[in-house]
Amino acid sequence: MSGVWVFKNGVVRLVENPGDHFQGCRKVLVHVPTNEVITSYAILETKLYNLGWERYYDDPELLQYHKRSTTHLISLPKDFKKFKTMHMYDIVVKNRNEFEVRDI
C-alpha cells in the first residue's frame, strides 16, 4: 500500500496516485494574526524576528533561523523560488498559531 495520506475536512484517506490529486494545487504560507500571505523572505524574516527568531549566517547556501528558548532551527533555501511546501510546514510546526499553510 503506497501513496499519500490526505487530511481534508476532518477525514483522512489514502491517495494512491498523488500526482493526479495534487496537480494544480498551490500552497501559500499565511501569517495568521495579520492574514498576510508571505510572498518574500523579507516579509517572513520580519515576522520571525518579531517572534524571537534570530538569523544564523553559518551556511551561505541557506537562510537559517534559531530561537534561543528552543532547540528549533529553521533552514530555508536561499532562493525564494525554491521555497516549498515542506519548508512552509516546518515554519508552521515551530510557530503554532502564528502561521498556516493554505491552498490557493
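Predicted model: local features only at pLDDT ≥ 70, side-chain atom pairs only at ≥ 80, totals over all residues.
User: Happy to start with charges: how many salt bridges does the count come to?
Analyst: Residues are numbered from 1 along each chain as its sequence is written, and side-chain values use heavy atoms, leaving out hydrogens and water. A salt bridge is a side-chain nitrogen of Lys or Arg within 4 Å of a carboxyl oxygen of Asp or Glu. By this rule, the count of salt bridges is 6.

User: Nice one! Is Arg-55 buried or exposed?
Analyst: Arg-55 meets Glu-45 in a salt bridge of 3.7 Å, N to O. The two sit 10 residues apart, Arg-55 in strand E5 (residues 53-56) and Glu-45 in helix H2. With 17% relative accessibility, Arg-55 counts as buried.

User: With which residue does Glu-100 form a salt bridge?
Analyst: Glu-100 is partly exposed, at 31% relative accessible area. The closest N and O atoms are 2.6 Å apart, and the partner is Arg-102.

User: On to the rings: how are Tyr-41 and Phe-80 paired?
Analyst: Rings of Phe, Tyr and Trp (its six-membered ring) pair if their centres lie within 6.5 Å; planes under 30 degrees apart count as stacked, over 60 as edge-to-face and the rest as tilted. The count by this rule is 3 aromatic pairs. For Tyr-41 and Phe-80, the centres are 4.9 Å apart and the planes stand at 90°, so the pair is edge-to-face.

User: Why does that pair tie together parts of the chain, and how far apart are they in sequence?
Analyst: Tyr-41 is buried at 12% relative accessible area, whereas Phe-80 is partly exposed at 26%. Tyr-41 lies in helix H2 (residues 41-50) and Phe-80 in the loop between strand E7 (73-77) and H3, so the parts tied together are apart in sequence by 39 residues.

User: Which residues form the aromatic cluster?
Analyst: Tyr-41 also pairs edge-to-face with Phe-83, at 5.8 Å centre to centre and 80° between the planes. That pair links helix H2 to the loop between E7 and H3, 42 residues apart. Phe-83 is buried, with a relative accessible area of 9%. The one cluster consists of Tyr-41, Phe-80 and Phe-83.

User: Which residues does Asn-95 contact, leaving aside neighbours within four places in sequence?
Analyst: Asn-95 is found in the loop between helix H3 (85-94) and strand E8 (99-103). At 4% relative accessibility, Asn-95 is buried. Counting heavy atoms within 4.5 Å as contact, the partners of Asn-95 are Leu-48, Leu-51, Trp-53 and Ile-74.

User: What pattern does the protein follow along the sequence?
Analyst: Helices (H or I, at least four residues) and strands (E, at least two) are DSSP runs, numbered from the N terminus. The protein has 3 helices and 8 strands. Their order is β-β-α-β-β-α-β-β-β-α-β.

User: Last one: which element has the lowest mean pLDDT?
Analyst: The protein averages a pLDDT of 87, and 88% of the residues score at least 70. Among the elements, H2 has the highest mean, at 97. The lowest mean, 51, belongs to residues 18-22, helix H1.

Methods. Buried < 20%, exposed > 50% of the residue type's maximum accessible area, 1.4 Å probe, protein only. pLDDT = per-residue confidence, 0-100.
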